[in-house]
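Work through the exercises below with the model in view. Try each task before you read its solution.

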Amino acid sequence: MEVKLVDVWHSYDGFTYALKGINLALEGPGVYVLTGPNGSGKTTLLKVVSLMIRPSRGEVVVDGVKFWGLDENERSSLRKSVVYVHDKPILVRGSARYNLELGLRLRGTKVSEDSIGHYIAKYGLKDLEGRPVSRLSAGQAKLISIVRGLLLRPRLLALDEPFTFLDGAKASLLVEDLAEIARGGGTVVVATHYMHKGLRDCSKQVIELIDGEVAQREEI
Amino acid sequence: MSESILSITLRSLYVSSTAALIAFALAIALSAILARAPRKRAEMVLGVFEALVGVPTTVIGLFVYMLLYPHGPLGFMRLLYTPIAIVIGQFLVALPMAFTSMFRSFYELKEGVRELVLSLGCSEKHTTKVLLRELAPVLTSSYLLAFSRAIGELGVALIVGGGIEGYTSVLTTAIAVRTSIGDYELAIQIGLILLCITTSLALILKAFGERVLWR
């Protein structure tokens with residue numbers, strides 16, 4: 001999935017800009033990493049790339065089409081290819097299992113036991129399946145929200161601070177999965193403070209944001 | 001007393017659950033509309049409804065009486081001293097309670113649910129479905145509060161219903177009438193029934209909710 005941002009500006013309040021004239025192209029499969037200090041605009045940029053926020057100015061071009069110029073149906077159709085995982089997991093009432101399946105249920109996709117079973121086994125979630133989300137730890141909640149995103153097999157997966165609250169082993173497993181998605185032709189965008197070594201090794205590009213602008217782009 | 005307590009109880013349940021249901025449905029619709037409004041405007045409307053919660057039911061009864069009085073604007077409908085008049089009055093009593101108890105949660109959950117739905121690559125039309133499920137505990141409590149407020153009020157039922165035995169007599173008016181004629185034993189019995197209805201409903205919904213709805 002190709003996403004291009006052309007002179008993108010975004011402001012939440014109409015006065016201060018979180019993004020200032022961003023020109024960025026995520027061309028082809030691979031893992032793209034966004035870094036930068038707090039308040040540099042990483043989350044906003046990630047949400048713009050994930051088609052969740054309409055920028056105040058500028059264009060978001062997806063596979064050659066101006067996304068925000070499309071009608072609602074066409075936008076919905078394109079959105080199905082994109083999944084965003086929040087830094088603070090948003091879980092709904094119910095069990096961890098219900099939350100894992102939520103994306104699939106909403107899309108009306110058949111829940112594949114093989115696929116869910118694979119991730120449950122891989123990330124050691126067996127004991128958590130039936131547990132109400134109110135009784136999950138921060139790390140467990142984070143893991144559930146990440147796996148929920150992975151299960152949807154998006155063409156573009158955006159993750160905001162995915163390694164927060166994860167232990168080293170789980171973080172390595174996640175990096176493995178992200179690299180696997182990229183190898184399979186998917187695009188992965190990760191906003192992070194913490195540059196996991198494995199993530200750097202498998203990334204295609206590291207983009208540094210400072211004060212809403214692209215300060216540096218490094219091809220790996 | 002010619003009318004049985006069972007008959008009065010059934011009428012009370014019917015009238016108050018209908019009034020609470022209409023108030024509940026309107027409160028959901030109002031919340032859905034106002035949830036799209038800017039926060040300041042929504043807070044202002046909420047403030048008005050919060051103030052309305054405290055309005056004495058006798059004042060609401062008087063207002064409905066003036067509406068339904070034969071020479072009033074809705075007098076031609078001949079609804080005064082009918083169970084429908086009580087439903088209208090109790091609806092007005094229950095609405096502020098239903099709305100104020102659900103709106104803040106509605107407003108606060110809406111944005112998070114919208115974010116979640118979009119983040120999963122789904123369209124905004126899925127938001128309502130997820131939001132209603134998330135709100136189930138709040139909505140349950142909200143209906144319960146509206147019903148309790150309706151079934152426990154006396155002013156409206158007495159002023160626009162008249163407590164006519166066999167026709168508009170409900171639990172609260174029956175207690176008032178029995179007390180006024182010194183039939184304390186029956187008044188206490190009816191009072192206990194009213195107490196049982198409200199507390200048992202709360203307990204059943206809580207137990208059911210914790211097992212099914214609120215998990």
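In chain A, strand β8 gives A:Leu157 a bridge partner, and that partner is A:Val188. The model is predicted: local features need pLDDT of at least 70, side-chain atom pairs count only at pLDDT 80 or more, and totals for chains, interfaces and linings use all residues. Residues are numbered from 1 along each chain as its sequence is written, while chains are lettered from A and ligands numbered from 1 in the order in which they are written.

**Exercise 1. Is β7 of chain A buried or exposed?**

Step 1. Set the cut-offs. A residue is buried if 20 or more other C-beta atoms lie within 10 Å of its own, exposed if 12 or fewer, and partly exposed in between; C-beta atoms are placed from the backbone.

Step 2. Count. Five of the five residues in β7(A) (residues 156–160) are buried, so the strand is largely enclosed by the rest of the structure.

Step 3. Check the faces. In a regular strand the side chains alternate between the two faces of the sheet. A:Leu156, A:Ala158 and A:Asp160 lie on one side, A:Leu157 and A:Leu159 on the other, and all are buried.

**Exercise 2. Read the order of the six-strand sheet in chain A.**

Step 1. The open sheet runs β6-β7-β8-β3-β9-β10, with mixed pairing.

Step 2. Find the edges. β6 and β10 (213–219) each have a single partner strand, so one side of each is left without a neighbour in the sheet.

Step 3. Check one pair. β3(A) (residues 30–35) and β8(A) are parallel over five bridges. A:Val33 has A:Val190 as its bridge partner there.

**Exercise 3. Which residues have a positive phi without being glycine?**

Step 1. Recall the background. Most residues other than glycine have a negative phi, and most peptide bonds are trans.

Step 2. Take A:Leu51, with phi near 65°. This residue is in the loop between α1 (42–49) and β4 of chain A. A:Leu51 counts as buried, with 22 C-beta neighbours inside 10 Å.

Step 3. Take A:Arg153, with phi of about 45°. Its loop lies between α5 (138–151) and β7 of chain A. A:Arg153 is partly exposed, with 15 other C-beta atoms within 10 Å.

**Exercise 4. Read the order of the four-strand sheet in chain A.**

Step 1. The order of this open sheet is β2-β1-β4-β5, with antiparallel pairing.

Step 2. β2 (17–26) and β5 (65–66) stand at the edges, each with a single partner strand.

Step 3. β1(A) (residues 3–11) and β4(A) (residues 57–62) share five bridges. A:Val6 is partnered by A:Glu59.

Methods:
Helix = DSSP H or I, 4+ residues; strand = E, 2+ residues; numbered from the N terminus. Pairing = 2+ DSSP bridges.
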